[in-house]
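Good morning, colleagues. Please look at the structure on the screen while I go through its sheet, the helices across it and the surroundings of the ligand.

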Amino acid sequence: MIDGFRCASCGAFVGLDTFAPWRCPNENGDRRHVLLRMEAADIGGSRVVADGDDPNPFVRFRRHMAWYSFAVAHGMSDADTVQLVRDTNNGFRTTPVARSSSLSDELGFVATGGVWVKDETANVGGSQKARHLMSILLHLRVAETLGLAPWDRSVRPSLAISSCGNAAIAAATLARAAAWPIEVFIPEWASGTVVDMLDGLGANINRCPRRSDDPPGDPTVLRFREAVAAGAIPFSVQGPENALCLDGGRTFGWELGESLTNVGIDDVRALFVQVGGGAFAASVSRGVRETGVRAPLFAVQTEGCAPLARAWASACTDDAMARRWSDHMWAWESEPRSLADGILDDETYDWVADAIELKATTGRVIVARETNVIRAADIGPTVSGIPVSPTGTAGLAGLLECRSEIADDDRVVLAFSGVKRD
Ligand SMILES: Cc1ncc(COP(=O)(O)O)c(C=O)c1O
Ligand SMILES: [Zn+2]
């Protein structure tokens, strides 16, 4: 079988040589389709291993990404793909993974077990979000370079993103480096550091109050979709808006698998990942799985907003879950609230890809009580010494929540992403 994307909802196939493979061709505006990269096992592929030792993951793992297959299918040489990565953004570096002895001690683990942390706070834009977006940007740059994009470089359509935090900063950072115009759709109430940063990065900021005739859902997402319908490029960190974001997010998982393998670890008890829109957990888990490391996904939400926990409770026994999308996923009814304010998406847009990983890794969803979110936000940075935000320590809140079920000599992994900004 040939490699490509398959829609989890309707089964449509989209080849890797397709320009702008953002959404399923059968999607009709409801965003209840999602193109997922086919599994290696289904196409006779093998484990993901690095190609060389370049510190930039978009170089080292390039052959495994969709933008690369698109480039090569249209005649770009391997050397030119490497140069394209360097020209687009050469700031990506493999982020460190290490056992935190202080956190392990604090949580009562013994020397043979403990807490391994992947510190993503110094990644481009201060979080994992730039990984998701870089694979979209590389696809666009390939298309432009090879004359496959239906626009002239001097009149590029704008990039568009809806976000109030790390994703917007990552998007504006990449857009600025690529000299690409960007529209950012942010909540009416957004203020402070993030808006100042977006301003400084030259993003065009659109505040999005809820309108009286708006359907349910986040108004920033509604305005973003209108911009995309009018011709903007979905520079999104949500798989149903742009499938390529899930592709590039796997670099985090590949690096993690590589780092663990390098120190002789090929399985861990749990991989805790905080879940907002759900793209991060899906990509990380799949990336690790593709390296051959066994790591059950422990997807963490907060008690103030847990639509994935609700979806998983019913979808875990539904073999056709994506076809019955709205039976499992709908917007969180009450006002989402938590100190971990970066994961308050009222819908887990990537719940299907998350549920696939939960099934494949025999994982689970943990709902952290707010007391644990607050404790994690306190001890995360102070004990580990990593300047991580309350959103980035929400995975640790999940570990606190289920610590009694984990043995003192078990190994667990946390994703400390999202630098503390104030
Ligand atoms: C630091 C950090 N960690 C995790 C997440 C969750 O990622 P996702 O929205 O893809 O679930 C976000 C963003 O929402 C984030 O900013
Ligand atoms: Zn479809």
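Which residue in β12 does Gln301 stand opposite? That residue is Val367. Please bear in mind throughout that we are discussing a predicted model.

Let me place this pair in its setting. Strand β11, residues 297-302, is joined to β12 by five bridges, and the two strands run parallel. In general, the strands of a sheet pair through backbone hydrogen bonds, in either a parallel or an antiparallel manner.

Both strands belong to an open sheet of six, ordered β4-β5-β13-β10-β11-β12, and the pairing is mixed. The edges are formed by β4, at 97-99, and β12, at 364-368; each has a single partner strand, so one side of each lacks a neighbour in the sheet. On average, neighbouring strands here are turned by 25° against each other, with direction ignored.

I now turn to the helices. Helix α15, residues 394-402, lies across β10, β11, β12 and β13, and runs at about 95° to β12. Helix α10 lies across β10 (270-274), β11 and β13 (411-416), and its angle to β10 is about 155°.

Helix α10 also leads us to the ligand. Spanning residues 279-291, α10 gives the most to the shell around ligand 1, namely three residues. In total, 19 residues surround ligand 1, and the closest are Asn166, Gly276, Gly277, Phe280 and Gly418.

What is the make-up of the shell around ligand 1 by class? Twelve of its residues are polar, six are nonpolar and one is charged.

Thank you for your attention.

Methods: Residues are numbered from 1 along each chain as its sequence is written. Chains are lettered from A and ligands numbered from 1 in the order in which they are written. This is a predicted model: local features need pLDDT of at least 70, side-chain atom pairs count only at pLDDT 80 or more; totals for chains, interfaces and linings use all residues. A residue is near a molecule or strand if its C-beta atom, placed from the backbone, lies within 6 Å of it. Helices (H or I, at least four residues) and strands (E, at least two) are DSSP runs, numbered from the N terminus. Ala, Val, Leu, Ile, Met, Phe, Trp, Tyr, Cys and Pro count as nonpolar, Asp, Glu, Lys and Arg as charged, and the others, Gly among them, as polar. Two strands pair if DSSP finds at least two bridges between them. Axes are lines fitted to C-alpha atoms, for helices over the stretch in contact, and angles run from 0 to 180 degrees between N-to-C directions. Two residues are in contact if their C-beta atoms, placed from the backbone, lie within 7 Å.
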